[in-house]
Amino acid sequence: MLSDKELSYFAGEYGTPVFVFDTKALKERIQAIRELFGEKITLCYSIKANPFLIPAMLESVSKLEVCSPGELSICERLQVPMDRIVYSGVNKMPADISQAMSDEVGIFTAESRGQLELVNAEAERQGKVVPVLLRLNGGSQFGMSREDLLRIYEERAKFSGVSLEGIHFFVGTQRKKLKEQRAELQMLRELFDEIGDRFGERPKKLEYGPGLPVPLFEKDDFSDTLAPAREIADALQEAASWAELTVEMGRFFVTECGYYLTKICDQKAANGNTYALTDGGMNHVNYLGQIMGMKVPVIRHLTGEGRSCPAEFAGKEITWSLCGSLCTTADVMVRKIAFTDLQCGDVLAFSNIGAYSVTEGIHLFLSRTMPRIVLRNDYCSGQLVRDFYESSLLNTPGWNI
């Protein structure tokens, strides 16, 4: 956990609003997870959780999961070794498949029989045989039915451009009932056995996303954030005995390493409420499960320079509604939170924001400036990886034509 002193340094050095991602802490967390899971389990990072952490994750995990043509383009620009990429995602169009195949990505997933047919057709056109994982449906719009998957194995001779390597299975995130993951792994083992018995060709590989939970809010238990990994490790190790197992995660890897720093820019009382307004807002801060600021994230109050506030607020403990800079009543980051002597110029540090907020927020709304992004590598040492960016450019008619 970064100290208040260091967070204040980053706010002063880079300005606000700014995301700070602690890559040193991230690498230490990945190493701890690797030690829990053991050498036989391959780790895969789903870059949709935070693409700015790709360089750090390349040093820590074996594979990156890419879920869109845009994400593949990011990997191309960063010169990610293509054999380390799992090319996943819905709506793979022929041009997208062609580009990924020309890049020689490590393996494709197929969300449906239609996707498999597209991959197969492009592979035949390029004179290749490409490895594919068939994604099994887990109760949402993702993946194919068990019946379709078995039919593909039955008719595998029709797909001369692909090699059926195994199965991809992911249900969702923040899943606290780990008995469900154990049941899924047992189901998948039985499916692997059935395919081997019926078709004489047992799948070799399993890419599995357990969706392990992370704490996000003040009332959550932060005493051991690796506890879910420790609890499920034995089941994953058992699965690695009957399949080449890749465990894919995003949120569980990177949530802890992120901070969002925003400055108090105005304070007022109205109709019995007290409001503190920041230079950021809900266009940047997005916690899974947060609805209209009803839950309270872990937030630290950092005293800023040139402080000022109305006299009736100075030195007092006051319960504030934290609101951002957007002209919408939805821009409530926290409905009620108490601070002592909160003043304009002070900085609030939102913790556990390493996953998704940097891309999920409605950054283009009201054409506000997008935050800086800094990678923290060591004590008071940061690398600016995205400067402030004027979203107004993207919202100007004809600007990029």
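Q: In which segment is Leu 394 found?
A: Leu 394 lies in the segment after β19 (389–390); strands here are DSSP runs of E with at least two residues, and helices are runs of H or I with at least four, numbered from the N terminus. This is a predicted model, where local features need pLDDT of at least 70, side-chain atom pairs count only at pLDDT 80 or more, and totals for chains, interfaces and linings use all residues. Residues are numbered from 1 along each chain as its sequence is written, and side-chain values use heavy atoms, leaving out hydrogens and water.

Q: Why is Leu 394 called partly exposed?
A: Its relative accessible area is 43%. Buried means under 20%, exposed over 50%, and partly exposed in between (1.4 Å probe, protein chains only), so Leu 394 with 43% is partly exposed.

Q: What makes Cys 44 buried?
A: Cys 44 has a relative accessible area of 0%, so it meets the limit of under 20%.

Q: How do you know that Cys 44 is in no disulfide?
A: A search of the whole structure finds 0 disulfides. The nearest cysteine sulfur to Cys 44, that of Cys 67, is 8.9 Å away, while a disulfide needs a pair of cysteine sulfur atoms within 2.5 Å. Cys 344 is in no disulfide either, with the sulfur of Cys 265 at 6.9 Å.

Q: Why is Cys 344 called buried?
A: With a relative accessible area of 14%, Cys 344 falls under 20%, and therefore counts as buried.
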